[in-house]
Amino acid sequence: MPCFVEVAVAGVDGLFHYHLPPALESWGLTPGVRVRVPFGRTERIAYFIRFVASPDIATTKPISAILDRSPLMDPPYFRFLSWIGDYYRAPIGAVIKCALPTLPSRHRTVSTPQARQATPPLSAVLRLNAAQQKAVDVMAGAIGQFSPFLLHGVTGSGKTEVYLRLIEAALRAGKGAILLVPEIGLTPQLMDRFHQAFGDALTLLHSRLTPATRNQAWRRIREGAAHVAVGARSALFAPFSNLGVIIVDEEHDPSYKQEDGVRYHARDAALVRGQQSGAVVVLGSATPSTESFHNSQTGKYRYLSLPERIDARPLPVVHPVDLRPQAEWVQPFFTKTLVSAISRCLAAKEQVLLFINRRGFSPSLLCADCGDIPGCTQCSVSLTFHRRQTILVCHHCGYQTAPPSSCGICQGRRIITLGLGTEQAEMAVHTLFPDARTARMDRDTVRKKGAQEQILTAMAQREIDVLIGTQMIVKGHDFPGITLVGILCADQSFHFPDFRAAERTFQILTQVAGRAGRGERPGQVLIQTFQPEHESIQAALTHDYEGFYRREIALRKELYYPPFSRLTRLQLTHQEAHQASEGAAALAALLREVASKKGGALSVLGPAPAPIVKLRGRYRYHILLKAGAQRTIARAMDAISGWKGPRGLRMDIHVDPQGFV
Ligand code: ADP
Ligand code: ZN
């Protein structure tokens with residue numbers, strides 16, 4: 001009787017059965033060991049999962065070779081990947097591909113990792129303040145067992161230093177540590193600080209590394225040469241076998257959710273990995289997600305707070321500026337109040353940050369005669385006008401075209417620009433303050449490698465007077481020279497078709513505001529808006545996180561949204577509009593049938609056209625599943641797993657969705 005084995009092939013759906021040829025039977029296999037298998041007409045690298053009693057095909061092929069003496073991952077790590085696959089309904093092969101480096105097929109044998117005692121280096125800060133010290137003591141005291149914490153620290157309260165000390169404590173205990181940050185390119189200051197503290201024990205992991213660098217980083221962790229991994233969400237997959245601490249900085253940040261491929265949420269998955277490996281898990285933020293704060297209230301997480309800025313510096317004073325009175329406008333979206341505040345700031349040789357949230361409000365062209373707005377041919381969105389390059393660009397699929405000199409519908413020649421973008425704002429600053437040194441930071445200006453770091457360094461060295469940018473300028477930066485922050489139009493994110501729109505707006509406003517007055521001089525924030533009475537603005541004016549949370553959690557409860565329920569969003573797309581809508585309707589009907597057997601435990605909402613109904617040439621519909629427990633949704637998904645819609649219909653499953661467009 002041959003020995004049957006089940007393997008996962010990196011990047012391929014499903015699990016496959018083979019047998020071990022007699023020559024390889026004595027080798028012994030542990031989960032995660034790589035093997036080479038015949039696959040179609042070629043050979044592929046696969047990962048041994050388990051032995052099976054009887055294979056699911058009549059004639060199995062033999063495994064060609066066993067590639068590792070010891071596995072690239074240990075059993076607990078493999079258990080974690082399996083959890084990701086099960087929970088987010090992704091094939092294990094896809095999870096492995098997303099987690100593990102793409103190692104060349106002929107490689108060195110990886111030796112068993114050895115726990116090595118690292119010598120913790122000295123920290124650069126003077127002393128921790130009382131709140132920081134308490135947080136470190138409590139969390140460091142919990143190392144060695146699964147203990148989740150919410151570290152709620154106002155902007156500028158010194159969270160980085162707390163993370164650093166906690167990681168030092170983990171290293172002293174002979175354990176490894178992972179620090180997740182929203183975007184690695186945006187954190188050169190944090191990286192410098194960590195390099196200084198951990199030197200060679202530190203390794204970077206993120207998706208933009210070359211395969212070779214990624215392999216090397218992976219190996220250094222497996223071999224016990226690196227003890228600290230820092231990176232964006234994929235750093236959660238760092239293969240430490242002895243994890244002491246996982247820290248998720250800015251835990252509320254939407255970029256922790258991977259939106260394609262394996263759609264995992266790195267923050268949520270961090271808690272599972274922490275639980276499986278007995279680690280301390282720290283979720284840090286000035287504006288915790290409603291879900292996480294709720295968990296700290298119910299006792300699921302322990303709550304620690306850093307209620308004050310370092311050296312008891314005051315939080316910036318935040319003023320609303322009403323955008324409605326036209327007489328106030330000096331230039332589009334530059335009110336008299338904002339312009340005079342910038343003047344004062346520049347005269348005092350201080351720095352200004354101007355924030356524009358372009359999400360959902362792109363500047364576009366408009367025909368003043370018939371009202372037509374040039375749109376993308378492949379997506380149901382308007383094209384964004386880029387003046388410097390004189391092109392219209394689709395921000396979703398990249399489609400580009402020359403701006404029309406006359407309207408495509410009515411041939412009218414009065415083509416005007418609509419809305420506000422970073423480019424226009426920078427031009428306005430040039431017009432108003434010709435002597436000011438400006439820089440713009442958005443996806444366009446940081447495309448070149450190193451451009452982002454360059455801008456941030458210039459900002460730190462005070463070579464820039466006014467920095468204009470999108471979300472990128474919000475995240476975590478610490479520039480003591482900034483005393484004025486202007487939010488040109490806060491209204492841009494209120495009206496997103498997402499139950500988290502108010503929360504996101506509040507988070508963004510608070511985070512942007514938090515960049516002001518971090519140095520010795522106090523900061524001022526001007527929030528320009530057409531709706532000064534909006535609850536997100538009111539809460540941001542008074543830095544009232546808890547007030548905002550109380551209203552938000554009541555609303556979530558009333559509408560039965562997370563954390564009170566769980567959601568899964570099914571997205572159905574097809575190249576033909578009617579196929580997409582009919583396929584979605586058929587699936588929804590089937591799901592309703594399944595739900596009716598569950599006696600109301602599961603609700604099926606939709607189908608409805610997605611807010612962006614056409615994207616990259618495909619028509620999009622979605623169905624929302626809502627239940628008290630994810631289990632209920634998972635069972636319904638199992639029940640329909642064999643369902644096939646019209647030919648060419650694609651279904652994407654978003655468990656715990658973060659976006660709804
Ligand atoms: P947060 O991430 O909470 O917004 P940071 O970690 O960026 O805040 O810290 C803000 C600033 O305070 C940084 O310049 C940091 O070096 C400094 N800092 C942190 N802790 C201390 C301390 N105990 N004493 C003096 N300065 C500190
Ligand atoms: Zn497009």
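Gly 156 places a backbone N or O atom 2.6 Å from an oxygen atom of ligand 1. The model is predicted.

**Exercise 1.** Find which side chains put an N or O atom at 2.7 Å and a polar atom at 2.5 Å from an oxygen atom of ligand 1.

*Solution.* Start with Thr 160. An N or O atom of the Thr 160 side chain is 2.7 Å from a ligand 1 oxygen atom. Next take Asp 478. One of the polar side-chain atoms of Asp 478 lies 2.5 Å from an oxygen atom of ligand 1. Then look at the cover: protein hides 79% of the 570 Å² of accessible area that ligand 1 has on its own.

**Exercise 2.** Describe the shell around ligand 1, by nearest residues, class and helix.

*Solution.* Begin with the count. There are 17 residues around ligand 1, and Arg 127, Gln 132, Gly 156, Thr 160 and Asp 478 come nearest. Sort the shell by class: five residues are nonpolar, seven polar and five charged. Now turn to helices. Helix α4 (residues 159-172) gives the most to this shell, three residues. Finish with the site: ligand 1 takes up the space of the second largest pocket.

Notes
Residues numbered from 1 in each chain as written. Chains lettered and ligands numbered in written order. Predicted model: local features only at pLDDT ≥ 70, side-chain atom pairs only at ≥ 80, totals over all residues. Heavy atoms only, no water. Near = heavy atom within 4 Å. Polar contact = N/O pair within 3.5 Å; in protein donor to acceptor, adjacent residues only side chain to side chain. Areas by Shrake-Rupley, 256 points an atom, 1.4 Å probe, with all protein chains shown as cover. 1 Å grid on protein atoms, 1.4 Å probe; cavity = no way out; pocket = protein on both sides within 12 Å on 5 of 7 lines; lining within 4 Å. Sits in = over half its atoms within 2 Å of the grid points. Helix = DSSP H or I, 4+ residues; strand = E, 2+ residues; numbered from the N terminus. Nonpolar A, V, L, I, M, F, W, Y, C, P; charged D, E, K, R; others polar.
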